Amino acid sequence: MAVTTTPVDDGAIDGFGEELRGDLLRPEDPNYDDARAIWNGMIDRSPAAIVRAKGVSDVIESVNFAREQELLLAIRGGGHNIAGNAVCDDGLLLDLSAMRAVRVNPADQTARVEPGATLADFDHEAQAFGLATPLGINSTTGVAGLTLGGGFGWLTRKYGMTVDNLRSVDVVTADGELRHASETENSDLFWGIRGGGGNFGVVTSFEFELHEVGPEVLTGMVVYRGADAPDVLRHVRDFNADAPDESTVWVVLRKAPPLPFLPEDIHGEDVIVVVPFYTGDVAEGEAVLAPIREYGDPVADVVGPHRYAEFQQAFDPLLTEGARNYWKSHNFSTIPDEAIDTVVEYARNLPTVQSEIFFGQIGGAMGRVPADATAFPHRDAEYGMNVHTRWEDPAMDDACIAWSREFFDAMAPYATGGVYVNFISEREGEENLGYGDNYDRLVALKTTYDPKNLFRMNQNVEPAV
């Protein structure tokens with residue numbers, strides 16, 4: 001039986017608020033609209049109440065209240081989820097953004113991270129000791145949501161997915177109990193949390209393994225004109241096939257933004273951006289990445305030593321909050337020539353100047369973990385493709401979404417049939433693409449820990465009862 005949204009008595013909400021250390025906001029409060037706004041400007045939902053939690057006790061109180069009142073419950077960490085799962089209509093929004101402490105233990109190379117922390121928060125603290133763990137590519141993303149869906153970025157080929165570096169969690173389950181989960185304690189729950197997308201509770205603390213990274217890494221961008229895209233894509237694909245785990249090369253097709261290192265005559269024109277990244281000695285990286293930098297006739301090459309924490313923020317200006325966003329995604333084990341031709345065709349007809357198509361190289365260490373070792377199943381993927389369709393005018397919604405779906409369908413014959421769960425724009429209907437062959441085990445786990453489906457603002461795994 002799924003939890004339904006039901007009216008809640010004002011007196012009950014007032015009494016609930018008295019039990020909290022954090023703030024309780026209602027629609028009449030002056031900060032309410034700011035508190036319900038999230039990264040994707042397409043999402044406009046109005047919860048009955050918003051809890052700005054200050055600690056674990058507030059999380060427990062909120063979970064218990066939502067369960068007892070049969071309220072729809074949304075959990076906000078960074079608020080970045082493309083489908084808008086961080087906010088709901090009429091129910092209770094549990095906002096964890098004030099719980100953002102990151103505590104690094106350099107002696108054993110671990111970090112304890114609260115659920116409101118962003119990638120920037122994490123990197124700032126870890127890089128003080130020359131340490132990092134695989135995270136995403138946009139520093140304002142929340143660590144919690146990224147991790148619960150699997151998590152990948154520049155360090156993934158060397159050190160695995162974010163969930164492969166998760167040692168333990170503290171999690172408040174649907175019964176209001178705080179549980180510790182790891183490989184040795186509540187191991188079934190720990191398995192599901194590593195890629196299960198928030199279906200099993202509210203994580204209040206993540207413990208990560210850290211690795212020596214930076215403070216400087218070899219990375220940057222090599223930019224080519226759009227006409228060169230077919231050849232550049234093939235070259236990058238062939239280079240990546242034999243590259244070491246330390247090497248990661250991503251590709252972005254878009255209109256050239258007005259960046260200072262790009263010639264003015266290319267601003268607004270089609271470009272293909274090659275983004276190499278080397279995890280390790282910079283001098284070694286120069287030799288390994290030389291074939292990428294020496295290829296063709298680029299209009300700009302800004303590859304060099306960059307501080308890791310700063311490069312993690314390099315793409316933030318292209319992904320600021322408030323715009324309207326719709327994504328479609330595929331995983332690929334290889335990218336055949338026919339797929340490249342299709343990509344180039346659609347890249348020439350992007351619906352807006354803010355839209356882009358990117359191919360993120362993964363594989364490496366990530367692919368050597370068994371598909372059933374964690375809830376994240378897509379260990380056969382060598383690339384994750386995402387279509388960032390982005391615009392400002394609501395009148396363009398239908399056209400932009402239609403273009404994205406058409407491109408998604410055109411690329412389907414070349415894809416694995418799996419999708420990274422954090423890239424799914426619709427809140428329902430693509431669960432099997434996200435969870436793959438691990439779905440049945442997730443259903444069994446959901447039935448045990450959340451039989452009434454309290455946690456369903458996600459790519460939902462429905463319990464069996």
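I began with Val51, which stands opposite Leu94 in β4. The strands involved, β2 (residues 49-52) and β4 (residues 92-95), pair in the parallel sense over four bridges; two strands pair if DSSP finds at least two bridges between them. Helices (H or I, at least four residues) and strands (E, at least two) are DSSP runs, numbered from the N terminus.

I noted that this is a predicted model, in which local features need pLDDT of at least 70 and side-chain atom pairs count only at pLDDT 80 or more, while totals for chains, interfaces and linings use all residues. Residues are numbered from 1 along each chain as its sequence is written, and side-chain values use heavy atoms, with hydrogens and water left out.

I then followed the open sheet of four strands, whose order is β1-β2-β4-β3 with mixed pairing. Its edge strands are β1 (23-25) and β3 (73-76), each of which pairs on one side only. Neighbouring strands of this sheet are turned by 20° against each other on average, direction ignored; axes are lines fitted to C-alpha atoms, for helices over the stretch in contact (heavy atoms within 4.5 Å), and angles run from 0 to 180 degrees between N-to-C directions.

I looked up the helices on this sheet as well. Helix α1 (residues 10-18) lies across β1, β2 and β4 and runs at about 160° to β1, and helix α3 (residues 56-69) lies across β2, β3 and β4, at about 165° to β4.

For aromatic pairs I used rings of Phe, Tyr and Trp (its six-membered ring) with centres within 6.5 Å, calling planes under 30 degrees apart stacked, over 60 edge-to-face and the rest tilted. By this rule the count comes to 24 aromatic pairs. Trp154 and Phe277 form a stacked one, 5.7 Å centre to centre with 15° between the planes. Trp154 lies in the loop between α5 (143-149) and α6 (156-159) and Phe277 in strand β15 (residues 270-278), so the pair ties together parts that are 123 residues apart in sequence. The rings of Trp154 and Phe311 have centres 5.6 Å apart and planes at 55°, so this pair is tilted. It links Trp154 to Phe311 in helix α10 (residues 308-311), 157 residues apart. Trp154 and Phe277 are both buried, and so is Phe311, where buried means under 20% relative accessible area, exposed over 50% and partly exposed in between (1.4 Å probe, protein chains only).

Last, I searched for disulfides, meaning pairs of cysteine sulfur atoms within 2.5 Å, and the count comes to zero.
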